[in-house]
Amino acid sequence: MPSVLAGLSRLNRTLERLLYLVLLVLLASFIVFIIYQIASRNLAFLPRLFWTEEFSRFAFQWMVMLGTAVGVLHADHFVLEAFPRGSRADLVTRWIRDLACLLLGVLFIVHGKDFALSGLRRSAMASGLSMIYVYSVFTVSGVFIVLFSLQRLLHAWLYGMTAMEAALNTPSEAEELATPEETQAVLSPVIAGHAHDATDRRTLP
C-alpha cells in the first residue's frame, strides 16, 4: 500500500502542476476577454466580438471547477468545525469530509458524462462552439477530485488523519499564529488587567 500511495502522490503532483498551468492560462484569457469587451464598448474603432463574452464565461466555469479539484487536495474548501479539535467526533467528521469529497467526484463522473454528451447537440450562439467542451468540465473535475480524495484517504489510512493533513492541507495562518505560548502571551496582560480592576473595585469604600 505505501508504494501505491507513493505512485498516486507522484501522479497527483504532476496533475496539480498541470492544473496550475491550465488555470493560469484560463485566468489570463478571462482577463483579456473582459478587458476587450470593456474597450470595444467605449472605443468605436474596435469591432464588437460577441464570442468574447461567451469565452470569458466558459473560462470562468472551467476555473471554478478545476480550482475546486485543487481545493479538495489541500482542503481549501470552507470547513465548519463543530467539535473540539482532536476529539473523537472531530476525527469522525474529518473522515466524513474526505469521503464526501470522494462521493462528489464519483457523482460528477457518472452524471457528468451524460451531461457532457448532451453538449454534442448544442452549440454556443455567438461562437458556434460545441457545448461538449463546456459541459465536460464536470466530468474532468470529477476525475481530479476522485484522484485527490483517494490520495488523502489512503494517506490517512496508512499514517493517520493528522499526519495526512500536515502533509497535504494548506497551512492555516490562524492556527500557526495561535500557538499555546503566543496565546498565553496575548491573554496574560488581559487577564492581569481584569484581575487588577476587580481588586480595585473590592477596595473601594
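Select helix α6 and turn to the face that points away from its buried side: the exposed residues here are Thr162, Ala166 and Ala167. Exposed means over 50% relative accessible area, buried under 20%, and partly exposed in between, with a 1.4 Å probe and protein chains only. Helices are DSSP runs of H or I with at least four residues, numbered from the N terminus.

This is a predicted model, in which local features need pLDDT of at least 70 and side-chain atom pairs count only at pLDDT 80 or more, whereas totals for chains, interfaces and linings use all residues. Residues are numbered from 1 along each chain as its sequence is written, and side-chain values use heavy atoms, leaving out hydrogens and water.

Next, select Met161, Met164, Glu165 and Leu168, the buried residues of α6 (residues 161-168). They lie on the same side of α6 because they cover an arc of only 95 degrees around the axis; the arc is that of the directions from the helix axis to the C-beta atoms. The buried residues of α6 pack against α2 (51-74), α3 and α5.

Proceed to α5 (residues 137-159) and select serine 141. Is this serine 141 buried or exposed? Serine 141 is buried, with a relative accessible area of 0%. Its contacts (heavy atoms within 4.5 Å) include Met65, Ala69 and Phe108, when residues up to four places away in sequence are not counted.

Now select the salt bridges, of which the structure holds seven. A salt bridge is a side-chain nitrogen of Lys or Arg within 4 Å of a carboxyl oxygen of Asp or Glu. Side chains of opposite charge can pair when their charged atoms come close.

- Select aspartate 90 and arginine 94: their side chains meet in a salt bridge (2.8 Å, N to O), and both residues are buried. They are separated by about one helical turn, because they are four residues apart in helix α3.
- Select arginine 57 and glutamate 53, whose side chains meet in a salt bridge (3.2 Å, N to O). Arginine 57 is partly exposed at 37% relative accessible area, and glutamate 53 is partly exposed at 36%.

Finally, select alanine 124 in the loop between α3 (88-118) and α4 (132-135). Alanine 124 is buried, with a relative accessible area of 9%. Not counting residues up to four places away in sequence, alanine 124 touches Glu54, Phe58, Leu129 and Met131.

Definitions and conventions. Helix = DSSP H or I, 4+ residues; strand = E, 2+ residues; numbered from the N terminus.
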